Amino acid sequence: MTLSIPYLLTIITFLPLVGAAIVTLVPGDGAKKWLALATTLVTFLVSLLLWTNWQDGYAGMQFVEDVVWFAPLGIRYALGVDGVSLFLVLLTTFLMPIAVFYSVLYVEHRVGAYMALMLLLETAMIGVFVALDLVLFFVFFEASLIPMYFLIGEWGGKNRVYAAVKFFLYTFAGSALMVVAILIVYFSTGSFDILALQKAQMPPAVQTWAFLAFSLAFAVKTPLFPFHTWLPDAHVQAPTAGSIILAGVLLKMGTYGFLRLAMPVFPQAAEQFGPLLATLAVVGILYGALVALMQKDIKSLVAYSSVAHLGYVMLGIVAMNAQGVSGSILQMVNHGLSTGALFLMVGLLYERRHTRMLDEFGGLWASVPVYTGLFLVVAMSSAGLPGLNGFVGEFTIMLGAYNYMPIFAVLAAAGVILAAWYLLTAFRKMAQGEITNPANDREHLKDLNGKELAMVIPFIILFFVIGLFPNLFFDKINPSVEAMLETRAAVLQQATAAQTPAFELAEIIATEAQ
Amino acid sequence: MFDSVWLLFAFPALGALIILFAGHWMPQKVVGWIASLAVVGSFVVAVLLWLGLLALPAEERSVTVHWWDWITIADFHAPAAVLIDPLSVVMAMVVTGVGALIHIYSIGYMDHEPRYQRYFFYLNFFILAMLTLVMSNNFLGMFVGWEGVGLASFLLIGFWFDKRDDLYGWYADCGKKAFIVNRIGDFGMILAMIIVWSTLGTVVFTELNEAAHHLAPATATLICLLLLLGATGKSAQIPLYVWLPDAMAGPTPVSALIHAATMVTAGVYMIIRTNALWHLTVDAGLVTAWIGMLTALLAASIAIVQTDLKKILAYSTVSQLGFMIAAAGLAAYGAALFHLVTHAFFKALLFLAAGSVMHATHGVLDINRLGGLRQKMPTTYRTFLVGAAALAGIPLLSGFFSKDAILVVELQKNLALYLVGVVTALLTAIYSFRAVFVTFHGQPRDQHLYDHVHESGPIMTVPLWILAALSIVGGVINLPFVLTLEHWLEPVIGEHEKIPLVLELLGITISIVVAVLGVLTARALYLTQEGWAKQLAQSFAILRRPAENKWWVDEIYDFLIVRPLKGLAGGFAGFFDPKVLDGAVNGVGVALNDAGEAVRKLQNGAIPAYALSILVGVVAVLFYFLFMG
């Protein structure tokens with residue numbers, strides 16, 4: 001099965017890059033736009049082969065490609081997907097056509113460069129999720145930084161340069177730490193093979209330092225409280241498509257890093273620092289929600305809501321049990337969809353009114369009912385209304401968190417109240433009440449057109465599909481998660497077993513000394 | 001036969017979808033009838049399911065229809081499945097039966113409403129969610145309905161989202177308040193579900209019943225108290241009842257359907273459904289009973305001084321829900337469900353009759369502007385009178401039997417609770433007939449208003465008559481000593497606890513006396529306005545101001561919870577985040593920038609700095625391995 005399409009992952013990963021090259025070569029903005037869109041659509045369709053050719057129940061890596069890249073250091077070009085990464089790849093390939101289509105409609109400035117950067121970004125993002133070699137992972141991780149830096153800095157809002165530089169320097173400081181961590185791991189084990197490292201025993205000191213370095217890098221990316229302050233700036237300034245991708249996919253590279261690397265490769269350190277990470281995650285849930293409540297700019301509000309949502313994802317990952325981790329993986333997808341859709345909706349409104357200030361709106365339900373109704377569905381998805389996607393992820397994460405440490409589940413559940421509060425507050429200000437500003441009335445404000453609906457509806461459908469049939473996803477996620485947890489448990493057990501004689505020896509010495 | 005239970009859901013789902021996508025092109029009446037017929041269809045299915053159960057021997061009356069595996073992770077399973085048993089079919093029949101009548105009534109009531117498609121879409125969606133709530137065979141499925149009805153409630157309370165008045169403020173704010181306050185209750189529900197699964201390994205109700213005895217009493221108490229928090233949200237009890245009076249901002253048929261007859265009883269239903277857990281803990285039950293009775297008393301004390309007819313009915317609903325919750329807390333599940341059913345009849349009737357008044361007065365429900373309406377609205381008057389009499393507990397009406405059933409249990413189990421119950425029952429009789437007398441008797445207080453009043457058309461009065469008939473004879477489903485409903489429920493709630501005959505008779509006697517006394521008091525106070533009654537009222541003057549101000553509960557919550565939280569959020573958003581956290585980040589940035597000035601003379605831009613930091617990193621690692629390793 002998995003052999004039927006050779007180099008499938010390479011094709012999916014690098015199709016956008018090829019597209020980017022062609023986009024820069026063809027003349028004419030129109031051609032560039034449609035070519036970019038076609039590239040992302042083809043990439044999406046090809047990526048669906050991962051789903052259709054998936055070997056159900058198989059826990060290991062599928063569609064594996066593995067060739068030596070740089071022999072002296074054992075660096076390999078190794079790709080593969082499993083239940084942990086499959087849906088992150090699909091999330092990326094799903095969001096890209098929408099983001100690009102949005103840009104086709106609304107971006108006019110330096111189209112060629114813009115589209116090329118978007119496609120470059122897609123390659124980097126997919127690469128992160130399919131890389132099985134640490135160096136390869138790092139290359140893709142870093143490669144994603146540069147296009148996003150330019151997208152914000154060149155196509156962003158008023159304060160774009162500040163936001164772009166901050167985004168770059170902050171996440172890049174994290175990357176520098178990751179270099180350190182990768183080198184620590186390599187010198188300690190002599191391997192860059194992520195899967196092999198998950199099974200390896202490492203001395204506690206190495207684990208601690210490497211874990212902390214990786215964690216800091218990923219915590220900035222996620223972002224985990226208190227490393228989140230670059231995010232609102234970046235989101236507020238980023239162009240809409242940039243925000244969709246930034247929230248939808250880029251942030252997941254942080255949580256994915258925790259899940260694929262930091263937590264399983266350094267299990268003892270992860271266990272030691274788990275409560276700290278869980279605390280930060282829960283603080284992020286509550287703090288992000290409270291700060292979101294006070295925002296006047298809708299984009300800023302959605303950005304802080306991301307801090308809260310990714311707090312849930314982190315909490316599930318730290319719990320390191322089946323419900324928590326599987327829930328987290330689904331919640332990464334959910335957040336990508338819900339928040340991506342929220343940014344899309346905000347963008348559509350911005351194109352009409354050229355403002356995102358909540359105070360500028362009011363009464364939209366009367367003037368643009370289709371837009372408002374869909375906005376409400378998106379908001380409810382984000383608020384975790386059961387029946388839609390968000391609930392499944394949040395609930396299973398809380399289930400996992402409770403069985404990790406009950407207090408975290410209690411605090412996370414309190415976040416559910418706050419989520420309703422800030423989302424309905426935003427909805428109240430935007431959509432309800434009277435139309436006080438003539439710019440918002442029926443004559444001036446147009447409801448969604450067909451093209452715009454075509455971007456929103458796929459999200460809505462997925463909200464319901466995931467909300468009602470999450471097992472379509474869990475069936476593929478669970479085996480890999482359970483295998484990962486088993487490996488981790490075995491490694492931990494070995495480590496304890498290895499320690500026991502040492503303890504006994506120490507006891508003997510202690511007794512003899514007496 | 002039971003496999004066709006999907007039709008129960010398919011009708012309202014289809015109705016909602018048709019209206020959503022095609023309602024725009026349909027005449028108003030057609031939309032209303034599509035929605036109504038959808039619910040009638042569901043009602044027929046519910047009755048067939050009931051007959052299907054009847055045909056089975058009692059011990060087999062629990063049929064699970066499995067649709068699909070909803071959520072599965074390792075040993076966690078939550079199916080999408082329905083449970084057809086004596087409890088769920090009773091609930092389904094009430095929801096769809098009363099629901100159908102209110103849909104039909106709405107065709108007349110909403111005839112001037114431009115957004116009628118939206119209205120009927122919401123209403124059908126509500127029925128779908130409510131059926132999900134009562135039919136799901138597991139906690140999580142129930143919770144889908146639980147929050148779904150909350151969404152419907154939010155949408156319908158704020159139906160006139162661009163409207164405001166002195167009584168409610170912005171209607172949209174009322175809807176928002178309802179949803180958020182309910183989420184506080186849902187916080188309890190979520191934790192309860194998590195603990196149930198973590199301790200019992202299942203969220204399926206039938207499996208739960210079998211496994212429950214493994215639970216430590218303390219855990220059971222914890223779970224039940226968390227469930228109680230959920231119930232206080234949805235069923236509007238202390239401390240979370242504050243959303244329900246404001247929910248009256250919604251269209252009156254919505255108040256009848258969602259905020260009186262069906263959705264607000266979800267908490268009572270949930271306790272009955274999870275009774276296996278409640279059997280393990282006396283403490284939680286007692287807390288629940290007290291919460292219920294104190295809510296009943298508090299709400300009755302507020303109802304008696306309200307001047308808006310719908311607000312009177314709203315506080316009355318809170319109060320009557322208190323009775324049901326208390327009965328459930330005392331493990332009198334049969335009595336709780338009995339009152340739930342009769343209350344659905346007579347309170348829906350009262351609201352619809354009030355709606356008929358409102359329809360005639362173009363929105364005026366201030367009883368100080370009404371009066372003497374009985375001549376002009378005879379049907380509305382008569383049916384309202386029936387509803388009020390049932391609410392007041394006038395003997396032989398449905399409400400008399402069901403309230404008495406609860407009071408007798410209290411008499412048997414806890415005298416203090418019973419005393420609160422009796423006082424509340426007295427207040428109930430007084431405020432019910434205050435509403436009758438002031439609205440329909442006496443002289444018109446606003447002649448202009450009175451002149452334009454007219455009786456509603458048959459599409460509204462026929463549902464009134466049907467509900468009035470049910471409010472009168474509804475008691476037969478569970479007459480004292482016969483107890484048809486309680487026997488029917490035995491497969492779900494177990495054997496009924498016998499009540500000594502003496503207590504039963506004593507209770508009935510006191511109930512009759514209280515009801516009659518209450519009506520006579522109301523008559524003296526509000527109709528004939530006798531001197532002694534005025535003096536009596538005078539002696540309670542000290543309580544009047546607090547009651548009129550609803551005991552300042554909203555203000556207290558605002559002061560103790562909302563403001564501090566907003567202050568905290570404001571501090572985070574205005575100071576801590578931008579100044580402290582981001583300030584630190586930018587501070588580090590500036591410091592590094594200064595340090596980098598020297599380097600910058602040679603190099604420029606980010607990429608060289610990047611290379612530099614990699615170099616620094618490599619050096620650091622080498623250092624580590626040379627000296628530490």
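This is a predicted model: local features need pLDDT of at least 70, side-chain atom pairs count only at pLDDT 80 or more; totals for chains, interfaces and linings use all residues.
**Entry 1: chain A overall**

I began with chain A. I counted 20 helices and 2 strands there. Next I looked up its radius of gyration, which is 23 Å. A compact globule of 514 residues would have a value near 24 Å, so chain A agrees with that expectation. I then took the box along the principal axes. The C-alpha atoms of chain A fill roughly 90 × 50 × 45 Å. For burial, I noted that 63% of the 514 residues of chain A count as buried. I also checked how far apart in sequence the contacting residues lie. Taking contacts in chain A between residues at least 6 apart, 80% join residues at least 24 apart.

**Entry 2: α14 and α17 in chain A**

I picked a helix pair in chain A, α14 (residues 322–353) and α17 (residues 389–404). Their axes are 8 Å apart, and the packing angle is about 150°. Angles over 145 degrees count as roughly antiparallel, and α14(A) and α17(A) are therefore roughly antiparallel to each other. I recorded the crossing of α14(A) past α17(A) as left-handed. I listed the contact residues next. From α14(A) they include Gly324(A), Ser328(A), Leu330(A), Asn334(A) and Leu337(A). From α17(A) they include Asn389(A), Gly393(A), Glu394(A), Ile397(A) and Tyr404(A). By class, I found 8 nonpolar, 13 polar and 1 charged residues in the contact of α14(A) with α17(A).

**Entry 3: α7 and α10 in chain A**

I turned to a second pair in chain A, α7 (residues 160–189) and α10 (residues 230–237). I noted an angle of about 135° and axes 9 Å apart. That angle makes α7(A) oblique to α10(A). The crossing of α7(A) past α10(A) is left-handed. On the α7(A) side I wrote down Arg160(A), Tyr162(A), Ala163(A), Lys166(A), Phe167(A) and Tyr170(A). These meet Trp230(A), Asp233(A), Ala234(A) and Gln237(A) in α10(A). The residues of this contact divide into 6 nonpolar, 1 polar and 3 charged.

**Entry 4: chain B overall**

I ran the overall look-up on chain B. I counted 27 helices and 4 strands. Of the contacts in chain B between residues at least 6 apart in sequence, 81% join residues at least 24 apart.

**Entry 5: where chain B touches chain A**

I then went to the contact of the two chains. It takes 50 residues from chain B and 54 residues from chain A. Which elements of chain B give two or more residues to this side? I found β1 (63–73), α5 (139–157), α6 (171–200), α26 (553–600) and α27 (606–628). The most comes from α6(B), with 14 residues. The side of chain B that touches chain A divides into 33 nonpolar, 8 polar and 9 charged residues.

**Entry 6: Lys29 in chain B**

Last, I looked up one residue. Lys29(B) lies in helix α2 (residues 28–54) of chain B. Is Lys29(B) buried, exposed or partly exposed? I found 13 other C-beta atoms within 10 Å, which means Lys29(B) is partly exposed. I also took its separation from Gly250(B), 221 residues apart along the chain. The C-alpha atoms of Lys29(B) and Gly250(B) are separated by 21 Å.

Methods:
Residues are numbered from 1 along each chain as its sequence is written. Chains are lettered from A and ligands numbered from 1 in the order in which they are written. Two residues are in contact if their C-beta atoms, placed from the backbone, lie within 7 Å. Ala, Val, Leu, Ile, Met, Phe, Trp, Tyr, Cys and Pro count as nonpolar, Asp, Glu, Lys and Arg as charged, and the others, Gly among them, as polar. A residue is buried if 20 or more other C-beta atoms lie within 10 Å of its own, exposed if 12 or fewer, and partly exposed in between; C-beta atoms are placed from the backbone. Axes are lines fitted to C-alpha atoms, for helices over the stretch in contact, and angles run from 0 to 180 degrees between N-to-C directions. Angles under 35 degrees count as roughly parallel, over 145 as roughly antiparallel, 65 to 115 as roughly perpendicular and the rest as oblique. A crossing is left-handed if the near helix is turned anticlockwise from the far one by less than a right angle, and right-handed if clockwise. The radius of gyration is taken over C-alpha atoms; the globule rule is 2.2 Å times the number of residues to the power 0.38.
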